[in-house]
Amino acid sequence: MIRFVAQRAVESLVVLLVMSFVVYALIGLMPGDPIDIMLSGDPRMTPEDRERLRALYGLHLPIWERYWNWLAAAFGGDFGYSRTSNRPVLETMGPYLGRTALLMGASFVLSVAIAIPLGLMAAVRQRRLADYGINLFCFAGKSVPPFWLALMLILVFAVELRWFPAGGIETVGDSGFVDRARHLVLPVLCLTLLNLASVARLMRAEAISALRQDYVRTARAKGLAEGRVIWGHAMRNALNPVVTVIALEFGTLFSGALITETVFAYPGMGKAIYDAILGNDYNLALVGLLFATLLVLVGNLAADLAYAILDPRVSYR
Amino acid sequence: MSDVALAKAERPGTRNRALARFLRHRGAVVSAFVLAIVVLAALGAPLAERWLGHGPNDTDLGAVLAPPSWKYLLGTDDAGRDVLLRLMYGGRVSLLVGLAAALASAVIGTAIGILAGYYGGRLDAFLMRLTDGVIALPTLALLIVLAAIDLKKVGIPDSIAHSEAVSLYRIIFIISLVGWTGVARLVRGATLSMRTREFVRAAVALGAPARRIMLVHILPNVIGPVIVATTLSVGGIILTESVLSYLGLGIQPPMASWGNMLSNAQTMLFQAPELVIYPGLAIMLTVIAFNFLGDGLQDALDPRAGE
């Protein structure tokens, strides 16, 4: 078990390392040039200054060496400065990370808490009205353009009903708890709805196959109450594969968070990455992408672990 | 000999059964109709343009945000452009990107899956680690980086790098680049089980070259699930394209796509919410239809998997 976890952790680190090089190389191919951006801010600089600056920042080196220098500095905790905020990248990233964790965490818990009973209900009432309704809802959830769902929520709840603010994290001059919570409602609702459908659909499929098993028939035959059969026997066994897929879909959840944050102007990691890429903030974009990769890798690792813990038949030498 | 004759005699029967199963899936049948209408609207866009006498990018400043009329059936946008005509042209983009990228992903995934499953060993281990690695990436963030790359820096001349066609092909290319993983896993699994089947072992024993075994004996037997998975992926790809175009990184204006129509309309959310509603509904309807179609195909081609 420990060996298995260690092996997976090492594999994840390798993926992260490869990813860091790929992203480093890709970021170098983005439009614009860091030195040109600096030069455009100061008309007195000459072409000689330009070359001196390139040498100063090591930009004349081949990509392998530049990457190596970056990696060495990164292991020392130095990820460079963010161009737009003029502060170290990690310091800039901190608050974004916290806000995204809050958004993703809340949506994740809510969507799973709603999706599992929903999927189970559809399975129990298979081919009846409730099942068709839930199924249609799931198809709609999987098929809605995420940013459009966000826009529709703004249109209904912010523009028409005026119940919740349309974006941001707090009203200027009012940073109380209630105000912040009100700003969180629509983004969390949006991401929850996006995540709900796939979990509910999977839960339905797994519960249907669990309800067909012999041990369910046995439980019914020995006269157990139907509620106990469903919640105690069928659900527990349907849950295993669902947990795995939930964790494997962490990347999808992050993609959803990126879109949600962008539409609601919610300053989290996703929006920070998007803004950094459009604003030529190379260091911030690089670290943001690596954080996102790390997040997904940890999710996948958690999936493997959960699977081993939940299903006693699975054993890893 | 008798085996071949048997297989041939059996074929029409299985096909009819598959068709019957497909027709029983009401959602899939309705979706096939919806998609037929979307395809016709997309193909008919140039005809509609000629008939109406104005193009999708023609601005009519005398009729900005005009209500629906016989000239502009769904009204005009903030630049006085025909909304319905732009929707029809946007449909061409969505369908083309969705189908082309799904097909390309399927080809890449099938090739990788068959190679990994058939040869096994180190090649299999390498290809599957690669697949796991790609699956583990935050796809959307990576796609944003890939879509933002300056093509001039990879040596493509300026005149080509900023043309309309390139923004279209680039998006098909980058989506296929990360979209093949699901099919690769599916095909690898199917190939592994095919490799132990008697007819494949017989072909190996007869000395058939590996390429022939993979293409003639294995491929036709794993293609069913690939068709299902590909159909199911079209919807997701259309969504991804719309997200990238909405973020300003996909199809570049003035060329209309459902995604960039939305990012333009977003600023008009207060004055003209219908401009936001139409393209979104178009995307959703098309994607739901593709998902139901895939579901129906699954019931038809792979009846055990759909349960």
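Chain A has 13 helices and zero strands (helices are DSSP runs of H or I with at least four residues, strands are runs of E with at least two, and both are numbered from the N terminus). This is a predicted model, in which local features need pLDDT of at least 70 and side-chain atom pairs count only at pLDDT 80 or more, while totals for chains, interfaces and linings use all residues. Residues are numbered from 1 along each chain as its sequence is written, and chains are lettered from A and ligands numbered from 1 in the order in which they are written.

**Exercise 1.** Find what share of the residues in chain A is buried.

Solution. Start with the definition: a residue is buried if 20 or more other C-beta atoms, placed from the backbone, lie within 10 Å of its own. Of the 317 residues in chain A, 35% are buried. For the overall extent, the C-alpha trace of chain A spans about 90 × 60 × 35 Å along its principal axes.

**Exercise 2.** Check the span of helix α1 (residues 2–28) of chain A, then name its buried residues and what covers them.

Solution. Take 1.5 Å times one less than the number of residues. The 27 residues of α1(A) should therefore span 39 Å, and the end C-alpha atoms are 39 Å apart, which agrees. Next, the buried residues of this helix are Ser12(A), Val15(A), Met19(A), Val23(A) and Ile27(A). An α-helix has 3.6 residues a turn, so residues three or four places apart point the same way. Finally, the cover over the buried residues of α1(A) includes α13 (282–310) of chain A, along with α5 (121–135) and α6 of chain B.

**Exercise 3.** Describe how chain B touches chain A.

Solution. Count residues in contact (C-beta atoms, placed from the backbone, within 7 Å): chain B gives 35 residues and chain A gives 38. On the chain B side, α6 (139–148), α11 (210–246), α12 (258–266) and α13 (273–301) each supply at least two residues. The largest share, nine residues, comes from α13(B).

**Exercise 4.** Work out how α10 (residues 198–205) and α11 of chain B are oriented to each other.

Solution. The two helices pack at an angle of about 155 degrees, with axes 10 Å apart (axes are lines fitted to C-alpha atoms over the stretch in contact, and angles run from 0 to 180 degrees between N-to-C directions). Therefore α10(B) and α11(B) are roughly antiparallel, a term for angles over 145 degrees. The contact joins Phe199(B), Val200(B), Ala203(B) and Val204(B) of α10(B) to Ile213(B), His217(B) and Ile218(B) of α11(B).

Notes: Contact = placed C-beta atoms within 7 Å. Buried ≥ 20, exposed ≤ 12 C-beta atoms within 10 Å, placed from the backbone. Parallel < 35°, antiparallel > 145°, perpendicular 65-115°, else oblique.
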